Amino acid sequence: MLFNRIKKYLLITLFLLILFFSNLSSAQGYKGTVNRDIDNYISNIFKRYQVPGGAVAVLKNGKVIHKRYYGDANLEVIKPIDNVTLFPLFSTTKIFTTTEVFHLIESKKIALEDRLDTYLNDLPEQWNSIKIKNLLSHSSGLPDIVHYSNLEENQAKNKIYEDVILFKPGLRYDYNQTNFWLLNRIVQKKINVKLYEHIIDHQFFNAKDKVVFSGNYKERIKHRAIAYKSNGEDELEVLKYQIPEYLYGAAGINLTLDEFIKWNEKFNKNFFIKEKTKELLWKPFRYEIDNNFSFGWKLNKGNKTISYGFTGSAVTGFRKFTEHDLDIIFLTNGSKYTMKVDNIIDTIVDIYDENINGGNYVIYEAILKSFLNDNTSIARKTYYKLNNDNNIDFESILNSIGKEFLRLKESELAVEVFKLNVIEHSDSSNTYDSLAVGYERLGNLDKAVENYKKSIELNHNNKYARKRIKDLEKK
């Protein structure tokens with residue numbers, strides 16, 4: 001009897017151990033596969049867009065499940081990206097700025113409904129009634145001070161004050177840097193500290209040399225990756241643009257991946273602002289003309305989920321998929337060809353779990369990659385093999401891929417994709433319009449005009465097509 005009980009106990013214990021190690025092995029295998037697939041994808045992306053170097057992190061439930069460094073911080077001396085590399089974030093800086101502004105709102109130092117003339121007494125009369133919420137949501141209608149950013153602040157101010165307001169506050173979204181210049185001034189007036197200094201003190205007080213504000217990209221800062229861009233002649237060159245200090249907060253922060261991860265952990269644990277304040281920050285702003293933006297961060301509306309974040313200069317990005325407790329950090333130091341960072345982040349998420357976004361971007365990437373690497377016949381077979389889900393907008397996917405090829409200066413491939421889209425969606429004006437653009441890039445103006453005319457047949461209100469026909473027929 002005792003022997004039977006011991007035997008039964010041992011068998012149960014053995015079964016549980018086998019189950020545990022089986023699950024552990026499966027989880028580790030899954031994680032390994034995901035890391036490998038993300039690595040392969042990022043390597044392909046960096047090659048496709050000619051990215052010198054970068055770093056990517058994927059965080060789930062506050063834990064790092066993927067963190068990798070890729071390529072070089074400096075092409076002149078071939079210095080690899082590593083854990084001390086500082087990345088210029090450009091406009092991704094705005095996530096820290098808006099967090100700080102909402103900290104001040106939470107502390108009741110300022111309020112969303114406050115008018116600008118509550119704090120600033122030198123504004124043009126038309127500017128006075130604009131509210132802080134309009135600055136945060138880019139619904140102010142103000143002209144953009146970035147056009148004068150090569151001037152000293154007073155000179156830029158005099159110039160921008162002479163420009164006309166574009167539309168009444170709240171009408172629509174119009175992204176510009178004047179909004180953050182004014183937020184800078186308001187914060188400094190209210191708490192007697194520059195906004196960017198307050199960000200460092202409140203959000204990065206232990207970071208030391210792992211975070212620095214500097215908008216002078218020609219300046220050599222220890223451990224900072226050199227920022228690169230295309231010179232317009234298919235070559236990379238060092239970025240020479242300089243952001244003046246009065247626009248710090250709109251851009252200007254330089255940060256390591258590790259410090260960004262630490263910041264994200266603190267943000268998730270409500271170190272900077274409370275949960276209710278985050279809900280207000282992410283609340284959709286009600287424009288008269290709809291747009292996907294909140295009271296501070298961009299809203300990305302996927303098929304199955306909404307995420308929040310920001311991108312910077314088409315080279316950096318940060319996104320929070322709050323329903324899934326999943327966060328993505330994507331950092332690079334430039335590219336030869338323009339990247340769509342939001343699409344890249346969505347693809348990383350699809351690789352991790354296609355159920356979060358619906359798998360659209362994995363399909364997008366598979367079709368795009370096949371057109372790039374295979375002949376047209378095989379690429380079309382890839383498309384038809386994947387085209388088995390009526391819930392996915394394949395017209396939009398093909399159109400986006402075609403436009404991506406135009407950005408990559410692969411006009412012949414773009415035309416092949418647009419032609420496939422016309423075959424598949426022959427009742428769509430947009431498919432013919434895109435094909436016409438592709439033929440324009442190839443220099444086949446007769447075919448361009450022919451397809452613009454087909455587009456107009458399906459949509460008589462296509463003013464762009466009418467204009468292009470008029471312009472092309474003059475040539």
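Guide: Contact means heavy atoms within 4.5 Å. In this predicted model, local features need pLDDT of at least 70 and side-chain atom pairs count only at pLDDT 80 or more, while totals for chains, interfaces and linings use all residues. Residues are numbered from 1 along each chain as its sequence is written, and side-chain values use heavy atoms, with hydrogens and water left out.

Visitor: Among contacts between residues at least 6 apart in sequence, what share joins residues at least 24 apart?

Guide: In the protein chain that share is 64%.

Visitor: How many helices and strands are there?

Guide: Helices (H or I, at least four residues) and strands (E, at least two) are DSSP runs, numbered from the N terminus. The protein chain has 17 helices and twelve strands. Its radius of gyration, taken over C-alpha atoms, is 26 Å, close to the 23 Å from the globule rule for 475 residues, so the chain is as compact as a globular protein of that length. The rule is 2.2 Å times the number of residues to the power 0.38.

Visitor: Which residues of helix 6 are buried?

Guide: Buried means under 20% relative accessible area, exposed over 50%, and partly exposed in between (1.4 Å probe, protein chains only). An α-helix has 3.6 residues a turn, so residues three or four places apart point the same way. In helix 6 (residues 195-203), the buried residues are Leu195, Tyr196, His198, Ile199, His202 and Gln203. They lie on the same side of helix 6 because they cover an arc of only 155 degrees around the axis, taken from the directions from the helix axis to the C-beta atoms. Their cover includes helix 2 (94-106), helix 5 (178-191), strand 5 (211-213) and helix 7 (257-268).

Visitor: Which way do the residues of strand 11 point?

Guide: In a regular strand the side chains alternate between the two faces of the sheet. From strand 11 (residues 316-321), Thr316, Phe318 and Lys320 point one way, Gly317, Arg319 and Phe321 point the other way, and all are buried.

Visitor: What does isoleucine 348 touch?

Guide: Leaving out residues up to four places away in sequence, isoleucine 348 touches Ile38, Tyr41, Ile42, Val56, Val58, Ile328 and Phe330.
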